Amino acid sequence: MLQGAVTSRVVRGVGALTVALSPHVADVSVPGARPAAVLAAAQPPQTRDQRLYPALQREPGDPEVIARGQAVYGISCRACHGLDLRGGDLGGPNLLRSQLVLKDDGGDLMGPVIRDGQSGAGGSSMPPQNLSDADLDAVVEYIHDVLGTASRQGGPPAGEELELDILVGDATAGQTYFAERCASCHSPTGDLQGIGARVESPKELQDTWVRGGARNAERPPITVSVTLPSSQRVSGTLERLNDFLVVLTEDDGRHRSFSRRGDTPQVEVDDPMAAHREMLPLYGDTDIHNVTAYLVTLQ
Amino acid sequence: MAAALLLAPIASSAQSGGLDPASLLEPLEDSWPTYSGDYSGRRYSRLAQVTTDNVQRLTLAWTRTIDSGMPALEGNNAPTFIGGEGTGDFTIGSQRIKGSILQVGDLLYVTAPDHVWALDVRDGGERWHYFWKTRGGPHIGNRGVAVWRDSVIFETVDNYLVSLNAKTGEERWHTEIASFEEQYFSTMAPIVVGDHLLVGTGNDLDAPGFLQSFDPATGELQWKFYTVPMTEQDPGIETWPSLDAAMHGGGQVWVPGSYDPETNYYIFGTGNPTPGYTGVARRGDNLFTCTLIAVDVDTGEMAWYFQTSPHDTHDWDSAQTPILIDGVIDGVPRKLVSTAARNGYFFTIDRVTGENLVTTRYGATSNWASHIRESGSPNPHPAKEAIIPGSLVSPVEGGVANWQPPAFSPDTGLFYTQENNGFNLLYLTDPDPRGSMGLGGKDRVTVGSGGNALSAIDYRTGETTWRHAWPVGGGGGAGVLTTAGGLVFTGDGSGNFVAFDAADGDLLWNTRIGNISNAPQTYLIDGRQHVLVAAGQQLFAFVMH
């Protein structure tokens with residue numbers, strides 16, 4: 001690890017160490033659980049019947065029952081199915097994508113399996129669990145509750161934040177690359193002075209320099225020169241360009257548009273971002289990681 | 001085998017009128033009766049009134065905007081029918097036309113998710129409207145209806161197959177085709193082959209993909225073909241670390257394929273493996289995801305397969321409609337199938353045997369493969385998976401091509417496809433050795449375009465014969481149509497509907513009607529060639545006078 005390395009905080013899927021609780025059970029005290037406010041803010045602002053699938057549309061259960069189910073799960077299920085329900089070391093399958101769990105209605109499918117056990121697909125088998133009716137109902141309710149916190153496009157529920165270090169590059173090699181490929185436009189003591197301090201995280205910094213600007217930053221204007229058949233030349237800021245039309249604004253604010261047909265009129269575009277786009281096919285991932293490692297040293 | 005199929009009595013059917021399924025065997029000309037116009041997937045029309053010489057005279061015949069909100073029951077000029085198993089409270093918002101519009105007789109059948117409209121082919125006037133009250137699901141698009149005799153049949157987002165009376169819009173029946181609880185969702189245009197209706201579905205939550213065949217008269221299931229192993233004995237199981245991984249391995253079937261009457265094979269592409277971006281818990285090639293597959297239409301048995309993207313980790317499904325080509329390679333007449341996959345590679349395959357003949361990279365900046373295997377499949381480079389420090393990957397998640405249909409002209413021997421090149425930084429955010437779920441576990445940052453184009457590819461070599469680079473900002477969105485008039489129609493992504501000379505890529509015509517959202521189509525009405533295209537919620541019909 002090089003000098004000046006900074007860790008970035010990335011939201012991970014369900015954590016291996018804590019179970020994400022949905023907002024309505026956040027008053028149950030579980031060490032390591034994320035605060036309710038954070039989870040609530042992460043939920044899309046929509047009513048239950050606007051959510052996409054039955055697992056998400058389901059009405060929330062009784063918080064006390066869910067808390068009891070979580071405790072039962074921890075004792076009877078966790079060793080095989082994992083604390084986050086995504087499968088465990090003893091070979092229990094991921095319950096959050098289980099066809100049986102997803103189709104379960106109030107324990108009609110899960111209940112018999114929990115009570116009687118079953119031989120699973122791929123040679124694994126589940127032993128019967130000796131649970132009271134109340135504990136069985138509670139654990140079923142708890143599993144449905146976790147299913148209801150799933151992310152978009154089949155993603156798992158958001159879990160605890162995980163520190164991932166994206167800084168794997170060699171800053172010295174990055175400095176050399178920068179001098180060869182970037183220094184004709186950029187300077188560590190000029191436009192990039194203190195960039196490592198100005199941009200919040202190394203990941204943000206990497207995204208920013210590879211893209212050629214922050215996500216929502218205003219891009220430098222693209223300028224265009226149009227040479228008419230009369231040899232008259234009109235220049236300005238490019239507004240629109242396609243195969244049939246070029247629209248520009250002259251320095252005095254005058255709006256001009258010209259029809260295009262093939263190479264007539266002649267159109268020359270000067271896009272300050274073109275150099276960044278042209279570099280994209282040329283970077284190796286190691287180059288990118290090295291340059292990022294170098295830029296974070298520009299404090 | 002095909003002949004037997006066609007001669008089979010349709011005794012089980014209560015209907016005998018309407019569109020004869022046998023008519024779908026005819027090459028595309030006067031009408032547009034199935035998703036790709038005909039079974040070949042070529043989207044090549046024999047109509048030649050509109051040519052490279054006169055396309056400048058193509059003029060607007062009519063335009064119509066669809067209203068995809070919940071329909072009012074009163075005050076409509078045309079009959080409106082409402083069906084469905086939902087409450088009617090789920091708001092689906094405004095929907096774009098992103099599929100094929102079937103033209104049969106005097107009617108056009110237009111869809112958006114949960115909606116079917118029958119429109120008068122001469123002015124776009126509404127004949128009837130059917131609305132389905134959904135239970136939910138992602139309303140990302142609908143690819144169109146199938147017409148079978150007097151029925152119009154379509155898929156709903158919440159996984160029903162719905163059959164309507166083609167003339168009146170009244171519902172005949174609906175049947176569930178996949179589990180909504182397991183988070184399947186359905187967008188595909190069903191395909192009629194004889195007395196089979198081929199139906200696909202989608203899913204993002206680690207569920208097995210399948211193609212099903214239903215009786216188009218009754219909606220009864222005829223067979224179901226899983227695209228991933230579902231038992232320890234199934235072929236392909238050796239390409240998965242466990243049966244559990246295979247059974248959650250994806251490979252959804254969500255774009256229509258093509259049909260070869262001579263072999264009776266339906267040839268289609270499958271979706272990406274799941275979990276999509278974290279391949280750690282599904283090491284191996286993950287058959288039969290991202291694979292071109294031929295199944296016998298009568299039995300649902302697989303005849304051959306060719307994997308276009310082994311062990312995909314970028315959500316680049318290979319569902320794109322393949323194109324059947326009767327061509328000549330090295331002086332030998334061959335029955336072929338070509339596909340331009342989402343991963344940026346072009347393939348030509350022998351459609352009788354599945355033998356790979358051509359593999360080339362057509363996505364100019366696609367950078368994820370280490371080499372081409374002896375089998376012809378591109379080999380994924382592990383360094384281009386999502387990694388914690390970020391990998392620079394091209395194309396972006398939408399791929400070099402997506403569902404938007406390509407086209408092929410037997411006159412030029414060229415395969416026409418949009419070519420979209422872009423770059424993402426792809427970060428692994430869930431390094432859990434169990435992998436993530438669905439499309440989770442990564443962060444994707446778009447960092448720039450590699451330039452988009454319309455590409456004309458020689459099916460024999462996979463080399464690009466001509467390529468029209470769109471000015472920066474153009475590309476994407478539109479499918480392609482080609483005609484015996486020597487034309488290629490598509491959208492430029494900058495608000496123009498455009499026509500090219502199919503032979504050399506000269507740009508001949510444009511009209512600024514908004515960004516094209518489906519593939520252009522053509523048919524003959526009252527002896528005149530029409531060209532139909534959608535831009536968002538608006539349809540435009542052009543005519544040659």
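Q: Which side chain of chain B does Arg97(A) meet in a salt bridge?
A: Asp244(B), at 3.5 Å, N to O. A salt bridge here is a side-chain nitrogen of Lys or Arg within 4 Å of a carboxyl oxygen of Asp or Glu.

Q: What kind of model is this?
A: This is a predicted model, where local features need pLDDT of at least 70, side-chain atom pairs count only at pLDDT 80 or more, and totals for chains, interfaces and linings use all residues. Residues are numbered from 1 along each chain as its sequence is written, chains are lettered from A and ligands numbered from 1 in the order in which they are written, and side-chain values use heavy atoms, with hydrogens and water left out.

Q: How many salt bridges are there between chain A and chain B?
A: Seven. Over all chains the count is 36.

Q: And how many residues are in contact across chains A and B?
A: 53 residues of chain A are in contact with 68 of chain B. Contact means heavy atoms within 4.5 Å.

Q: What area is buried there?
A: About 4900 Å², with carbon and sulfur atoms giving 56%. Buried area is the accessible area (1.4 Å probe) that two parts lose on being put together, summed over both.

Q: Which three residues of chain A supply more of that than any other three?
A: Tyr53(A), Arg97(A) and Phe244(A), with 15% of the area that chain A buries against chain B.

Q: Polar contacts: how many residue pairs between the chains?
A: 23, both residues at pLDDT 80 or more. The rule is a pair of N or O atoms within 3.5 Å; within protein, one must be able to donate a hydrogen and the other to accept it, and residues adjacent in sequence count only if both atoms are side-chain atoms.

Q: Which element gives the most to the side of chain A that touches chain B?
A: α10(A), with five residues. Helices (H or I, at least four residues) and strands (E, at least two) are DSSP runs, numbered from the N terminus.

Q: Switching to chain B. What does Glu126(B) pair with?
A: Arg64(B), in a salt bridge of 2.8 Å, N to O. Glu126(B) is in strand β7 and Arg64(B) in strand β2, so the pair ties together parts 62 residues apart in sequence.

Q: Is Glu126(B) buried or partly exposed?
A: Partly exposed, at 27% relative accessibility. Arg64(B) is also partly exposed, at 22%. Buried means under 20% relative accessible area, exposed over 50%, partly exposed in between (1.4 Å probe, protein chains only).
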